[in-house]
Amino acid sequence: MSASWGGNSKSFPPGVPTLNQHRLDMIERDVSREFLIELVALFVSDVALRMERLSDAVKLRETAKAAAFAHALQGAAASLGVLRLRAVAQRLEEAVENDDWGASDATLARLVSEFAHVRTVLKTFGEKSADAGAPRKSESQRAAAPSSPPASASPSERPTERPSDSERP
Amino acid sequence: MTHHPTTPDAADPAFEILPTTDVVALVEDDATTRMLTRAWLESAGYTVVEYDSERAVREGNGPAPIVACVDLGLGEHSGFDVISYLRERDSELPIIVVTAEREVDTAVAAMRAGAYDYLTKPVDRDRLLLSVRRACERRRLVDRVKNLQSELATGPLAGTVVGAGPAMRELSRQVERVVESDVAVCLLGESGTGKELVARAIHRGGPRRSGQFVAINCAAIPASLQESELFGHERGAFTGAIQTRLGCFERARGGTLLLDEVGEMSPATQAVLLRTLQEHTVRRVGGSQEIPVDVRIVCATHRDLRGEVDAGRFREDLYFRLVVYPIQLPSLRNRVEDIPALVTHFLDKLRVRTAHGVRGLSAEALDALARHAWPGNVRELENVIHRSVLACRGQEIGLADLPSDLRSASSPGAGERQVGDDLLGDEDEVVTLRELEQRAIRKALKLTRGSVGRAAKLLGIGRATLYRRLAELDVSQETVGRIVA
């Protein structure tokens with residue numbers, strides 16, 4: 001099973017979009033646009049650091065450390081709604097815990113690639129947001145959530161975020 | 001940096017209360033989650049003290065929190081260590097644990113270890129704020145009860161009754177007025193409200209404390225034996241009277257006599273009692289000698305004694321002798337704020353007898369107790385706690401451990417029935433429709449502890465309608481606060 005999750009398959013993991021656009025919208029609504037931009041910047045720098053540590057731990061075959069770093073990555077990604085990165089990190093944690101280092105290496109490569117993609121998407125988001133004349137949603141955001149639900153709908157009523165292969169790197 | 005909500009949503013349940021300055025400790029090692037959680041809490045008016053590790057918690061010297069949110073997956077250190085440490089510092093601190101979806105078993109273990117609530121990641125803002133708000137309310141209630149208990153610790157009811165809410169403080173004040181004198185006190189209250197306990201407190205607190213306290217339940221003694229029990233009998237006074245026996249009056253000489261359920265006394269005994277109270281002497285059944293007695297009389301009844309007089313079942317002259325200073329004991333449903341303290345008291349009492357390991361009640365179980373009508377009052381509560389302890393398999397009594405009638409009482413339908421209770425006042429009282437509406441709203445707010453959303457639901461109207469009616473009826477935020485208090 002783990003082998004089918006590795007590599008550069010564009011459907012990996014199947015059905016999971018890059019971002020949970022609804023969550024980002026909620027954060028912006030509940031706090032502020034400026035805050036969301038700060039939060040995104042923090043996420044990117046924090047995860048970049050964690051990725052380095054995680055890569056080292058996987059390379060050194062340190063099961064406990066690698067699993068803990070992969071687990072922590074999921075928490076950060078979940079908070080911001082970075083869904084696919086979270087899913088890949090979860091898969092990596094499972095592979096590490098099973099001492100399946102072949103799958104771990106492949107999934108780590110996928111994680112690095114996914115993070116690069118997330119960075120691009122979120123960078124575009126930040127740049128557009130910083131522009132005073134920019135529309136409320138960046139192009140990348142619209143790509144992540146092709147059909148935004150009505151503001152009045154409860155989270156359970158909202159459509160699940162769709163994968164947007166067009167935005168894949 | 002403090003971030004305020006761009007558009008506070010009035011319909012949002014998390015914004016039902018005004019912003020507070022309550023301090024929330026946030027223990028989270030992930031920077032993104034910490035920043036987001038902090039912003040949500042601050043946007044709701046909380047002051048946040050954040051820690052990124054167990055060590056930071058131990059070394060921290062920030063303001064004392066009234067609620068803590070603890071991530072159970074704190075790097076290499078277990079969140080359980082943080083929970084233990086926080087609990088050592090403040091045994092009443094409500095702790096909300098945050099855990100990954102896959103670690104629900106861990107969350108259950110944390111709940112068993114005394115956590116107040118648990119949230120799964122990614123944390124939902126509304127769920128977080130609701131949980132924190134409830135935890136704050138619970139903490140404030142516990143603190144208030146403790147403060148008031150310390151106030152009561154020096155009053156005449158100290159060590160006698162449990163509870164420190166407004167009703168019990170008023171009772172304490174009333175008792176304080178009568179302990180030193182011999183004034184005839186009549187304790188009025190439903191069955192199970194603690195009338196005998198208060199009578200004993202009056203005896204112990206007054207100058208007759210060195211004398212005997214004797215209690216007689218008039219309802220438990222057949223009419224034919226009431227005279228003999230109260231006034232004694234001489235040997236041979238009737239068949240079976242093989243020796244002279246002292247009655248309650250003589251046994252209580254120099255002390256206090258409690259005439260419990262005095263409304264059940266037979267007319268013949270009422271006549272003899274009246275003469276005894278007038279003359280301060282008793283004559284044993286079958287005797288001819290008048291024996292002086294110096295007794296303080298305290299009577300108690302669950303009946304409307306004035307109504308019994310009007311109905312011709314109780315002598316009016318005796319009524320005026322006995323009811324010089326009536327004291328109304330509050331029913332349990334009118335002092336639900338004392339339920340947590342009573343539960344703790346009964347659990348401690350049972351622990352001595354049964355060595356059970358139950359530490360407390362879950363929030364849901366406590367809510368169910370607060371909603372119950374308690375026709376049997378404190379006695380019924382003690383019975384319920386005893387049964388629940390026997391049913392409980394863990395350290396905390398949950399909703400499922402409560403008797404079925406209490407579980408069903410926790411449904412919204414039961415709340416609707418309670419809103420209708422005693423709204424119409426006395427039988428011969430006619431209230432205006434405006435007053436009736438005001439009473440219904442006040443009652444619903446009291447039952448829901450000020451939650452406008454839930455009160456509106458109980459009343460069968462929308463939240464906006466209730467806000468409008470509150471404004472039209474001039475019910476301010478302060479008034480709502482007083483109603484809840």
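Accessible areas come from the Shrake-Rupley method with a 1.4 Å probe; for residues, only the protein chains shown count as cover. On that basis chain B exposes about 23,100 Å², and carbon and sulfur atoms supply 50% of it. The model is predicted: local features need pLDDT of at least 70, side-chain atom pairs count only at pLDDT 80 or more, and totals for chains, interfaces and linings use all residues. Side-chain values use heavy atoms, with hydrogens and water left out.

**Chain B**
- Chain B has 21 helices and 14 strands. Helices (H or I, at least four residues) and strands (E, at least two) are DSSP runs, numbered from the N terminus.
- Of its 485 residues, 48% count as buried (under 20% relative accessible area, 1.4 Å probe, protein chains only).
- Take the contacts (heavy atoms within 4.5 Å) in chain B between residues at least 6 apart in sequence: 67% join residues at least 24 apart.

**Interface of chains A and B**
- Chain A gives 25 residues to the contact and chain B gives 24 residues.
- The two chains bury about 2,200 Å² between them, with 55% of it on carbon and sulfur atoms. Buried area is the accessible area (1.4 Å probe) that two parts lose on being put together, summed over both.

**Charged pairs**
- The rule finds two salt bridges across the interface of chain A and chain B (a side-chain nitrogen of Lys or Arg within 4 Å of a carboxyl oxygen of Asp or Glu).
- One of them joins A:R50 to B:D30, with the closest N and O atoms 3.3 Å apart.
- On the side of chain A that touches chain B, α2 (21-30), α3 (33-59), α4 (63-80) and α5 (83-97) of chain A each supply at least two residues.

How values were computed: Residues numbered from 1 in each chain as written. Chains lettered and ligands numbered in written order. Buried < 20%, exposed > 50% of the residue type's maximum accessible area, 1.4 Å probe, protein only.
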